[in-house]
Amino acid sequence: MKKIVILLSVTFLLMSCNSQSKRPLTGKTVYQQELNASFKDASISPLKKKDLRHFKGLDFFDIDSTFIVTSKLVRTENAPTFEMATTTDRKPLYKEYGKLHFTLQGKNQELTIYQSQDDLDDEKYKDYLFLPFTDDTSGEASYGGGRYMDVMTTDITAENTVILNFNNTYNPYCAYNDKYSCPLTPRKNHLDLEIKAGIKVYKK
């Protein structure tokens, strides 16, 4: 799932060059347009064939700049490697990379961010960090299993701050097709507020 950003960028370029596309890209931001483009492309889309046939675009909350925050990263030293639970028997290896501290809606918040150990040897994906979360919209306006956000190690400043843009979140592929194996959001990554930004629950 972490590889979605590169897939989105490549797909967006390909779709933009295809003047014969039957339907224009939908979305209010480049991120949304790229995400919709990847779902529209049958070669990489997680959608089932019957859903892809009628796909017109994903649903998003309105863009809200208050859900773009600066977080302070506190790295986790000597974190052990562990098997992350998924929706299947698959157990990918992760390490806790650190904790992100930020303020949202006047409340102090904390999320744990992870690093895949399976991708460290892959030059394309070694800089990816994984940030899953649930919030008070989960199971209603947003997917019950939580949403994901990709953060790059290169996004971390010299002061150990990271910009978190909750408008640029996405659902695990399991939200669209149960053939996929997706990491389960750890309970400690629940935000006790409504994140009305980013991707909404998928309605077929």
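Residues are termed buried when their relative accessible area is under 20%, exposed when it is over 50%, and partly exposed in between, with a 1.4 Å probe and protein chains only as cover. Helices (H or I, at least four residues) and strands (E, at least two) are DSSP runs, numbered from the N terminus. The structure is a predicted model, in which local features need pLDDT of at least 70 and side-chain atom pairs count only at pLDDT 80 or more, whereas totals for chains, interfaces and linings use all residues. Residues are numbered from 1 along each chain as its sequence is written, and side-chain values use heavy atoms, with hydrogens and water left out.

The chain contains three helices and seven strands, arranged from the N terminus on as α-α-α-β-β-β-β-β-β-β. Of its 204 residues, 45% are buried. S5 pairs with S6 in the antiparallel sense over six bridges (strands pair if DSSP finds at least two bridges between them), and the bridge partner of Leu129 in S6 is Val151.

A nonpolar core is taken as a set of buried Ala, Val, Leu, Ile, Met, Phe, Trp, Tyr and Cys residues joined through side-chain atoms within 4.5 Å. The largest such core has 22 residues, of which Leu164, Phe166 and Ile195 touch the most other members. Strands S1 (68-75), S3 (93-104), S4 (107-116), S5 (128-133), S6 (147-152) and S7 (161-165) each supply at least two residues of this core, and the largest share, four residues, comes from S3. With contact meaning heavy atoms within 4.5 Å, and residues up to four places away in sequence not counted, Leu164 touches Phe67, Ile68, Val69, Ser71, Leu100, Phe102, Leu131, Met149 and Val151. A second, separate core of 21 residues includes Leu52, Phe130, Tyr148 and Cys174.

Aromatic rings of Phe, Tyr and Trp (its six-membered ring) were paired if their centres lie within 6.5 Å, planes under 30 degrees apart counting as stacked, over 60 as edge-to-face and the rest as tilted. By this rule the count comes to 12 aromatic pairs. In one of them, the rings of Phe39 and Tyr173 have centres 6.4 Å apart and planes at 90°, so the pair is edge-to-face. Phe39 lies in helix H2 and Tyr173 in the segment after S7, so the pair ties together parts that are 134 residues apart in sequence. Phe39 is buried at a relative accessible area of 2%, and Tyr173 counts as buried at 13%. Phe130 and Tyr148 also form an edge-to-face pair, 4.7 Å centre to centre with 80° between the planes; Phe130 has a relative accessible area of 1% and Tyr148 one of 0%. One aromatic cluster is formed by Phe39, Phe55, Tyr173, Tyr176, Tyr180 and Tyr202.

Two loop residues other than glycine have positive phi values. Asn78, with phi of about 55°, lies in the loop between S1 and strand S2 (81-83) and is exposed at a relative accessible area of 76%. Asn160, with phi near 60°, is placed in the loop between S6 and S7 and is partly exposed at 26%.
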